[in-house]
Amino acid sequence: MLFLVAALLLLAVVLGSAAYLPWPVTLVLSTAVVLWLAVFTVRERRRRGRAGRA
C-alpha cells in the first residue's frame with residue numbers, strides 16, 4: 001500500500017511540474033510511474049490469488 005501512495009504522489013508531482021519541464025522529460029517520468037503502478041498491480045493480484053487458494 002505504501003508503494004501505491006508513493007507512486008500516486010510521484011505522479012502528482014510529475015503532472016504538477018509538467019508545465020515547467022520539457023515534454024520528453026515529462027513523458028519519460030510519467031511512463032516510469034505508469035510502469036511502477038502496473039508492476040504493483042500485478043504483484044497485488046498474484047498475492048491475492050494465492051491467499052484465496054489457501
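**Salt bridges**

I started by counting salt bridges in this predicted model, and the count comes to two. My rule: a side-chain nitrogen of Lys or Arg has to sit within 4 Å of a carboxyl oxygen of Asp or Glu.

Which residue does glutamate 44 bridge with its closest N and O atoms 2.6 Å apart? I found arginine 47 there. I then looked up arginine 48, whose side chain also meets glutamate 44 in a salt bridge, at 4.0 Å from N to O.

Glutamate 44 and arginine 47 are about one helical turn apart, because they are three residues apart in helix H2 (residues 23-53). Arginine 48 and glutamate 44 are four residues apart in helix H2, again about one turn.

Glutamate 44 is buried at 18%. Arginine 47 is exposed at 54%, and arginine 48 is exposed too, at 63%.

**Ground rules I noted**

Residues are numbered from 1 along each chain as its sequence is written, and side-chain values use heavy atoms, with hydrogens and water left out. Since the model is predicted, local features need pLDDT of at least 70 and side-chain atom pairs count only at pLDDT 80 or more, while totals for chains, interfaces and linings use all residues.

**Overall build**

I looked up the secondary structure and got two helices and zero strands. Helices (H or I, at least four residues) and strands (E, at least two) are DSSP runs, numbered from the N terminus.

How does the radius of gyration look for 54 residues? A compact globule would come near 10 Å, but I got 14 Å for the protein. That radius is taken over C-alpha atoms, and the globule rule is 2.2 Å times the number of residues to the power 0.38. The C-alpha atoms fill a box of roughly 50 × 15 × 10 Å along the principal axes.

Of the 54 residues, 17% count as buried. The protein exposes about 4,600 Å², and carbon and sulfur atoms supply 72% of that. Areas come from the Shrake-Rupley method with a 1.4 Å probe; for residues, only the protein chains shown count as cover.

**A nonpolar patch**

I found a nonpolar surface patch of about 480 Å², made by Phe3, Leu9, Leu10, Val13 and Trp36. Patch residues need over 30% relative accessible area and no salt bridge; like charges are joined within 9 Å, and nonpolar side chains (Val, Leu, Ile, Met, Phe, Trp, Tyr) within 5 Å. Which element gives the most to the patch? Helix H1 (residues 2-16) does, with four residues.

**Two distances**

Leucine 2 is in helix H1 and exposed at 71%. Its C-alpha atom is 21 Å from that of glycine 16, 14 residues along the chain.

Alanine 19 is in the loop between H1 and H2 and exposed at 69%. I got 23 Å, C-alpha to C-alpha, from alanine 19 to leucine 37, which are 18 residues apart in sequence.

Conventions. Buried means under 20% relative accessible area, exposed over 50%, partly exposed in between (1.4 Å probe, protein chains only).
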